[in-house]
Amino acid sequence: MNFLYTILNNIKPTDIFQIIFLTIFFFILHFYYKHFTRPNPLPGPIPIPLIGSFEVLKTNLDVDDYLYKLSKIYGQNGIFELTMIGIRQIIITRAEYAEDFIYPSSSNQDKHTKHIMKTNNEGLLNYFDLENKGIVFNVDYKHWNLIVKFKLINNLFEEMMNCWIKLKKNDEDVTIIDATIWINRLFNDFTSVLLTGKRSFAIEAHYHKFKGNSMTKEMSETENFAECIVHFGSDCQVLYIPKILRHFPIIKGRIEEMKHYCDIAYKMLEEKIKKRRKEIEKIINCSNFDPKKLESDFLTSMIIANTPYETCPQINVDPSLLRPMTDEEIRGVLYDSFLATDTITDALCFIVYYISKHPNVKKKLFEEIKTVFKDDLARQITLDDLNKLKYCEAIIKEVARIRPTFSMVSRLTNKPDEIAGYKWPSDTMFIMFVRGINNNPIYWKDSDQFIPERFYEPQENQHKLAFSMFGGGVRICPGRNLAMIQLKLFLALLYRKVDVELVDMKAPLKLKTSAFTVCENLDIKIIHNQF
Ligand code: HEM
């Protein structure tokens with residue numbers, strides 16, 4: 001202690017700069033020593049200490065475009081590396097290599113837990129209270145498992161089939177709209193019914209805001225909530241910024257703004273959960289309690305799960321997971337599901353854009369719609385109709401191939417493994433770069449051409465990850481069936497009623513990639529009474 005005291009006493013103010021300089025010097029030296037002695041050096045840009053690459057700090061950076069550019073320079077062999085936000089990431093652009101970490105190996109006895117987590121928690125996940133609450137950002141295997149076992153999508157799918165007829169149709173004559181906002185509000189409303197059994201009235205709220213009408217408190221809250229979700233989706237790479245950078249002026253503002261939006265959205269969801277708990281308690285405490293009186297929506301199912309009132313108890317579940325979910329966990333799942341409205345919106349904007357740019361494709365789509373709905377273009381759409389819309393499905397897949405909304409599917413190795421022919425330690429971050437694989441001429445003829453018909457052809461010899469819209473393995477998107485139905489349903493509803501044109505045919509898509517690629521704005525012209 002005395003020794004330390006003497007040193008500290010002898011330090012002059014001018015020495016402080018030298019100490020700081022030396023600390024930084026040794027930090028940088030250590031960083032590059034580790035970099036140049038890393039296992040399996042791969043091609044890729046030389047990283048900058050702490051952040052990896054200045055590019056990722058740019059607010060207007062499209063990470064997807066950046067990766068696509070890098071994959072052309074460094075990814076010829078299907079694998080390269082990039083240090084992003086301080087973490088070395090191995091970027092995979094070959095389906096065969098992605099398979100090594102996306103799918104569990106059949107011979108591996110730990111096959112269910114192999115590389116199951118998507119990221120570590122070295123960023124700000126706990127600051128945003130996301131590390132073990134919902135599904136998407138969950139970094140805790142047991143929590144993630146508890147929530148996923150909930151058969152999220154099966155329930156949502158069932159409920160959606162009863163609810164989609166409630167979709168509101170726009171009956172104005174000719175309208176110019178920003179598709180990103182209106183589609184988002186439509187699916188916010190829709191998702192709200194699926195999840196809570198009650199509409200959010202997001203379409204109505206936005207309509208009043210758009211017209212400058214006075215809004216009720218509920219409307220303002222709904223619109224505010226939808227905006228919070230959109231903001232989160234468009235800037236969620238903030239979650240992965242290393243903790244140490246949190247107080248840097250350019251970054252701090254972004255983090256605080258994001259936290260503010262999150263807090264508003266969390267508060268609204270928590271209020272809904274508390275209200276529903278009270279409603280359920282009232283029904284249960286009723287002298288002639290009948291379980292059928294409990295709503296069958298997803299929120300109620302989550303609240304009564306693993307309680308004596310659960311109607312479909314889980315089977316084959318680790319007993320330690322058989323406990324009721326907390327409000328925060330339920331809020332996490334609701335939040336994830338509302339976030340998915342952004343993905344649906346972006347995917348639909350890309351689809352509408354590509355259809356508008358390819359009149360021959362639009363013509364074929366109209367023909368298919370006419371064949372399926374014959375002369376009754378106003379009747380309710382059935383699941384059978386959706387199954388017949390094969391060309392519509394091919395368009396959706398071709399757009400997802402050429403311009404995926406989810407380009408980066410990550411996995412963090414939880415033990416040493418051999419991937420792409422290299423031996424890797426645990427805690428290595430792998431990214432399946434979906435756009436690179438989907439557009440790779442090795443797998444797709446005329447890979448840069450928009451040809452929906454290619455999805456008619458049998459793809460028996462095609463690698464299963466040569467096209468991946470929804471990821472793969474155990475963490476594959478649980479909303480994929482619902483998403484496909486929602487996309488087809490929307491396209492059928494839209495194109496059987498109206499024609500759609502881009503306001504500016506020459507303008508490229510306005511994109512921004514955070515964790516997924518967001519369409520920032522898409523002005524379209526709705527032309528009514530086409531048929
Ligand atoms: C066009 C629409 C959609 C696309 C393109 C999409 C795509 C994806 C992708 C690529 C992943 C990552 C999978 C992986 O890591 O292997 C994912 C995860 C996820 N998706 Fe979707 N998704 C869509 C719609 C939905 C919907 C409608 C829901 C639910 C309501 C949903 C809920 C989720 C959840 C909860 C996860 C996280 C799963 C986990 O981490 O375990 N998604 N999605």
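## An exposed aspartate in a loop

Let's start with aspartate 427, which is exposed, with a relative accessible area of 60%. Please keep in mind as you look around that this is a predicted model. Aspartate 427 sits in the loop that links strand S6 (422-424) to strand S7 (429-433). Its backbone is worth a look too: the phi of aspartate 427 is near 65 degrees, a positive value in a residue other than glycine.

## The loop between H16 and H17

Aspartate 446 belongs to the loop between H16 and H17. Its relative accessible area is 41%, so it counts as partly exposed.

Serine 468 lies in the loop between helix H16 (434-438) and helix H17 (480-495) as well. Is serine 468 buried or exposed? With a relative accessible area of 5%, serine 468 is buried. If residues up to four places away in sequence are set aside, serine 468 touches Met432, Val434 and Asn438.

Now turn to helix H2, which covers residues 13-36 and includes isoleucine 28. This isoleucine is partly exposed, at a relative accessible area of 33%. Isoleucine 28 also takes part in a nonpolar surface patch, together with Ile11, Ile16, Ile19, Ile20, Ile24 and Phe27. Taken together, the residues of this patch have about 570 Å² of accessible area.

The UniProt record, an unreviewed entry, places the feature "transmembrane region" at residues 16-33. In the model, that span is 100% helix and 0% strand, and its end C-alpha atoms lie 25 Å apart.

## A buried strand in a hairpin

Strand S1 (residues 79-84) is mostly covered, and six of its six residues are buried. Which residues point which way from S1? Ile79, Glu81 and Thr83 point one way, while Phe80, Leu82 and Met84 point the other way, and all are buried.

S1 has a partner in strand S2 (residues 87-92): the two run antiparallel and are joined by six bridges. S1 and S2 make a hairpin with two residues between them. In that turn, isoleucine 85 has a positive phi of about 35 degrees.

Definitions and conventions. Residues are numbered from 1 along each chain as its sequence is written. This is a predicted model: local features need pLDDT of at least 70, side-chain atom pairs count only at pLDDT 80 or more; totals for chains, interfaces and linings use all residues. Side-chain values use heavy atoms; hydrogens and water are left out. Patches are made of residues with over 30% relative accessible area and no salt bridge: like charges are joined within 9 Å, nonpolar side chains (Val, Leu, Ile, Met, Phe, Trp, Tyr) within 5 Å. Accessible areas come from the Shrake-Rupley method with a 1.4 Å probe; for residues, only the protein chains shown count as cover. A salt bridge is a side-chain nitrogen of Lys or Arg within 4 Å of a carboxyl oxygen of Asp or Glu. Helices (H or I, at least four residues) and strands (E, at least two) are DSSP runs, numbered from the N terminus. Buried means under 20% relative accessible area, exposed over 50%, partly exposed in between (1.4 Å probe, protein chains only). Contact means heavy atoms within 4.5 Å. UniProt positions are given in the numbering used here, feature names are shortened, and annotations may be inferred rather than shown by experiment. Two strands pair if DSSP finds at least two bridges between them.
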